[in-house]
Amino acid sequence: MTTWNDTQALEAAKEMGISSSEYDAIRARIERIPNPFELAVFAGMWSEHCSYKTTRSRLRAMPKNGDAVLAGPGSHAGVVDVGEGWGLAFKIESHNHPSAVEPYQGAATGVGGILRDIVAQGARPVAVMDSLCFGVADSPRTRHLRESVVAGIAGYGNAFGVPNIGGRVRYDDRYAGHPLVNALAAGLVRHDAMRSAEARGVGNPVLYVGARTGRDGILGAAFASVELADDTTEQRSHVQVGDPYTGKKLMEALLRFGVEDGLKTV
Amino acid sequence: MSARATVIVFPGSNGDRDLFETFERAGFETRYHDSREPLPNGLDLVGLPGGFAYGDYWRAGMLASPAAAIHGIKAHVDRGGLAIGICNGFQILVEAGLLPGALRNNEPNPVYHHRWIEIEHVGEHDSPWLAGSAPGQRLRMPMAHGEGNYFHPEGPDAIRDRIAFRYVNNPNGSMGNAAALLDPTGRILGVMPHPERASLPLLGSEDGARLFEAAHRYCEQRA
């Protein structure tokens, strides 16, 4: 058996988008050399996609408390009270990197991810919106990105059965090669049907369900933290291929089983 | 006893709730029905909703067309019952051979289109579905599909007598501007745009409600 040393681990870490200082922090935390699996877990959880490490300070400045707030940071999706026993759940996500390299699937799975969060909160999705930024409007690259991104957002929402009710598009040279693809999903939930992302108690069975996983999408979250290469062809496999049909079936199953059926948390 | 309707739910259907509410508003006592189960007796109306039955990763409607509930539609219609397939439901009826022809990718641009459109009541048909509108009358409703290009291998003459509604401005290259088709009995209607999404003033139009109200009158008289 070959030995796994610090130099190799650091090299593997860098390939997954973990910086030297982050590697040192992992090393200090677990007090040994992390193995490749552990590195992949840290690469995912400490990625920009999951931890918002560069935007955290700005997010902290945003308002999150109020009488109407039923669920805030830490939940699957924010929920505000809209009266008559109903809450409106909403979630925004950017899928900029994936959409830059594989615009259809990158944009489609951006919509899929936030619909997941709405459903996990116990709400039935009712609307999708988007905000898109591309390079100058008349370049062939922009045309390709725009058509594929719009088709990806439309395709996922149509198959899932949620209408896209609005959006905006901006064109500016600064976005050339680095499009911004932001999607919003909103859903309705009865106050008493809201779910929490927090699991309590010992001995509860855990079910891990979702669309089939392939080689696509592996290390996708970590990929959001690294600089885009000039030639992005090799990075395309980091983008997951969406499966709205399975997502739709999963939603119907999750919304049918409530807390009283033993489904404590999602 | 009030007229009874059912909405067939396939895995991947997503217009089922809209259709259910529209049937109820038109006066039908309505239930959902699992597509894998045979149709019950005593129904007046069977609805196939929009959506992506079985994901439609193959030709739209193909995987859903052999479902147990679909097998029962012919006998239901032979007994005088009504059936309507909307969008994906229309695609399934065509794949099952209950309506002629095929629905292909939109032309000339083979992508998903969604917008408000107008369809026009065509000719003189003896069909309960058309009793709520007059020839030439235009109805406003939304369309939302990527595979709505109606095609018949023998050309437009083969379906001339079957077209119930035609597009005022053809959005998908359909042969003969066909937006909705009837079977020879006039009791099965396949329609590509969404009358159920135009069945309340709140939705922006209630033109689509005419179809369901006419169907309800027919079923009440039949009973």
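Let's start with Ala137 of chain A. Setting aside residues up to four places away in sequence, Ala137(A) touches Thr142(A), Arg146(A) and Tyr171(A). Keep in mind that this is a predicted model. Where does Ala137(A) sit? Its place is the loop between strand 4 (124-134) and helix 8 of chain A. Ala137(A) and Ala176(A) are 39 residues apart in sequence, and C-alpha to C-alpha they are 9.7 Å apart in space.

Now follow the chain into helix 8. Helix 8 covers residues 140-160 of chain A, and it packs with helix 10, residues 244-256 of chain A. The axes are 9 Å apart, and the angle is about 40 degrees. That angle is why helix 8 of chain A is called oblique to helix 10 of chain A. And the hand? The crossing of these two helices of chain A is right-handed.

Who makes the contact? From helix 8 of chain A come Tyr156(A), Ala159(A) and Phe160(A). From helix 10 of chain A come Pro244(A), Gly247(A), Lys248(A) and Met251(A). Sort that contact by class, and you get five nonpolar residues, one polar and one charged.

Glu22(A) lies in helix 2, residues 20-30 of chain A. Buried or exposed? Glu22(A) is buried, because its relative accessible area is 18% and the cut-off for buried is under 20%. Leaving out neighbours within four places in sequence, Glu22(A) is in contact with Gly17(A), Trp46(A) and Lys53(A).

Glu84(A) is the other one. It is found in the loop between strand 2 (78-83) and strand 3 (86-94) of chain A. Glu84(A) counts as exposed, because its relative accessibility is 76%. Its backbone deserves a look too. Phi of Glu84(A) is positive, about 55 degrees, although the residue is not a glycine. For context, most residues other than glycine have a negative phi, and most peptide bonds are trans.

Chain B has backbone points of its own. Phi of Cys87(B) is near 55 degrees, again a positive value in a residue other than glycine. Cys87(B) is in the loop between strand 4 (82-86) and helix 4 (88-95) of chain B. Cys87(B) counts as buried, because its relative accessibility is 7%.

Then the peptide bond. Glu107(B) and Pro108(B) are joined by a cis peptide bond, with omega about 0 degrees. Pro108(B) lies in the loop between strand 5 (102-104) and strand 6 (113-121) of chain B.

Last topic, the cores. In soluble globular proteins, nonpolar side chains tend to be buried together. Here the largest nonpolar core has 63 residues. Which residues touch the most other members? Ile73(B) and Trp129(B) do. Strand 10 of chain B, residues 178-182, gives this core its largest share, five residues.

Look at Ile73(B) itself. Not counting residues up to four places away in sequence, Ile73(B) touches Ile8(B), Leu39(B), Val46(B), Leu48(B), Ala83(B), Leu93(B), Leu98(B) and Ile188(B).

Note on methods: Residues are numbered from 1 along each chain as its sequence is written. Chains are lettered from A and ligands numbered from 1 in the order in which they are written. This is a predicted model: local features need pLDDT of at least 70, side-chain atom pairs count only at pLDDT 80 or more; totals for chains, interfaces and linings use all residues. Side-chain values use heavy atoms; hydrogens and water are left out. A nonpolar core is a set of buried Ala, Val, Leu, Ile, Met, Phe, Trp, Tyr and Cys residues joined through side-chain atoms within 4.5 Å. Buried means under 20% relative accessible area, exposed over 50%, partly exposed in between (1.4 Å probe, protein chains only). Helices (H or I, at least four residues) and strands (E, at least two) are DSSP runs, numbered from the N terminus. Contact means heavy atoms within 4.5 Å. Axes are lines fitted to C-alpha atoms, for helices over the stretch in contact, and angles run from 0 to 180 degrees between N-to-C directions. Angles under 35 degrees count as roughly parallel, over 145 as roughly antiparallel, 65 to 115 as roughly perpendicular and the rest as oblique. A crossing is left-handed if the near helix is turned anticlockwise from the far one by less than a right angle, and right-handed if clockwise. Ala, Val, Leu, Ile, Met, Phe, Trp, Tyr, Cys and Pro count as nonpolar, Asp, Glu, Lys and Arg as charged, and the others, Gly among them, as polar.
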